[in-house]
Amino acid sequence: MNNKENEEVLIGKIKYSNVWPVFHYFDETRLSRASQLITEVPSKLNRRMLGGTLDISPVSSFAYGYGSERFLLLPDLSVSSDGPVASILLFSRKPPEEIANGKIALTNTSATSVNLLKIIMEKAYGGKPEYWDSEPDLELMMAESDGALLIGDHAIQASWRDHGYIVTDLGEVWKSWTGYGMTFAVWAVQKAFAEAHGDFLAEVAEAFVESKRMSLSDVSPLVAKACAEIGGTAEYWRHYFTQNIRYDFNESHRQGLSLYFDYAYEMGLLDHRVELEIWSDKLLTRVKE
């Protein structure tokens with residue numbers, strides 16, 4: 001972790017399209033301190049934040065919960081949904097409630113979605129599946145499983161294919177079951193970094209929020225980029241960036257995330273209860289749901 005003024009600040013970036021609006025106009029070279037973007041899948045960013053080798057990064061919500069005592073959350077930033085998310089998908093031959101005691105292949109790229117699936121399977125469907133970890137390859141996963149969980153761009157691309165599987169959107173299931181939206185990723189900062197570099201952190205947080213604002217005021221550049229790099233139609237991506245994914249972190253998002261953490265604790269997925277601590281350049285606000 002970088003606490004010396006002359007050391008480069010390390011900022012994580014998720015290697016998926018779902019964070020593009022927050023990063024599209026974010027230019028680390030314009031910050032007042034030398035900074036470097038580290039682009040990786042969520043699981044690798046999570047490990048680096050938990051290990052203290054990143055200063056600021058979006059992390060899987062579960063990773064924040066796991067290391068909540070050492071992190072603060074940046075306000076007004078998340079990757080959330082308020083219904084279908086379109087990029088956290090369970091593929092199966094039978095409806096998900098019918099494979100609640102079956103065998104499910106899990107993507108090895110993010111903890112939040114994996115544990116969301118476990119919560120839904122156990123709490124909503126009353127099951128206890130057998131799980132195994134896999135590279136995000138749908139045919140490989142389904143060759144020996146009743147279901148397969150994919151996230152991010154892997155899930156999006158697989159959802160376009162004519163494979164005949166039932167596709168279940170976990171954001172949609174969570175919303176219909178709990179009444180809340182689901183927050184899949186949050187922006188976290190090491191507490192020690194926040195305490196030592198409050199002014200600079202305010203600059204970074206403002207740059208992220210401004211990028212989000214500019215991106216969502218006209219998603220055309222993101223839509224064109226997604227069509228070129230990932231495929232699909234402009235209509236699909238316009239809907240994805242403006243309807244499926246929510247980038248704020250409002251009271252409803254926080255309540256939904258708190259419920260997720262409560263379930264994770266009850267099931268033994270987390271060994272402690274989680275309080276959401278949100279950084280502010282004026283004061284540290286402790287959110288208790």
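Author: In what follows, a residue is buried when its relative accessible area is under 20% and exposed when that area is over 50%, while partly exposed covers the values in between. Glutamate 251 has a relative accessible area of 37%, so it is partly exposed. The model is a predicted one.

Glutamate 251 forms a salt bridge with arginine 254, with 2.9 Å between the closest N and O atoms. The two residues belong to helix H12 and stand three residues apart, about one turn of the helix. Arginine 254 has a relative accessibility of 16% and therefore counts as buried, whereas glutamate 251 is partly exposed.

Glutamate 229 counts as exposed because its relative accessibility is 53%; lysine 225, at 28%, counts as partly exposed.

These pairs are among the 11 salt bridges that the structure holds. Another of them links lysine 191 and glutamate 277, whose closest N and O atoms are 2.9 Å apart. Lysine 191 is part of helix H8 (residues 191-196) and glutamate 277 is part of strand E11 (residues 276-278), so this bridge ties together parts that are 86 residues apart in sequence. Lysine 191 and glutamate 277 are both buried.

The next bridge concerns the domains. The protein is divided into domain 1 (9-80 + 183-267) and domain 2 (88-178), and the centres of these domains, taken over C-alpha atoms, are separated by 23 Å. Contact between them involves 23 residues of domain 1 and 24 residues of domain 2. The size of an interface is often given as the accessible area lost when the parts come together. Between domain 1 and domain 2 the buried area is about 2000 Å², and carbon and sulfur atoms give 69% of that area.

Which polar links accompany this contact? Seven residue pairs are in polar contact between domain 1 and domain 2, counting pairs with both residues at pLDDT 80 or more. The number of salt bridges between the two domains is one. Glutamate 266 and lysine 123 form a salt bridge in which the closest N and O atoms are 2.9 Å apart. On the side of domain 1 that touches domain 2, at least two residues come from each of helix H2 (42-50), helix H3 (61-66), strand E10 (182-190), helix H11 (234-244) and helix H12 (251-266). H12 provides the largest share of that side, namely six residues.

Arginine 33 is found in the loop between helix H1 (20-23) and strand E2 (35-40). With a relative accessible area of 9%, arginine 33 is buried, and its side chain makes a polar contact of 3.3 Å with that of histidine 197. Tryptophan 132, in strand E7 (residues 130-134), has a side chain joined to that of serine 145 by a polar contact of 2.7 Å. Beyond its neighbours within four places in sequence, tryptophan 132 is in contact with residues including Lys103, Leu106, Met141 and Glu144.

Methods
Residues are numbered from 1 along each chain as its sequence is written. This is a predicted model: local features need pLDDT of at least 70, side-chain atom pairs count only at pLDDT 80 or more; totals for chains, interfaces and linings use all residues. Side-chain values use heavy atoms; hydrogens and water are left out. Domain bounds come from an automatic or database domain assignment. Contact means heavy atoms within 4.5 Å. Buried area is the accessible area (1.4 Å probe) that two parts lose on being put together, summed over both. A salt bridge is a side-chain nitrogen of Lys or Arg within 4 Å of a carboxyl oxygen of Asp or Glu. A polar contact is a pair of N or O atoms within 3.5 Å; within protein, one must be able to donate a hydrogen and the other to accept it, and residues adjacent in sequence count only if both atoms are side-chain atoms. Helices (H or I, at least four residues) and strands (E, at least two) are DSSP runs, numbered from the N terminus. Buried means under 20% relative accessible area, exposed over 50%, partly exposed in between (1.4 Å probe, protein chains only).
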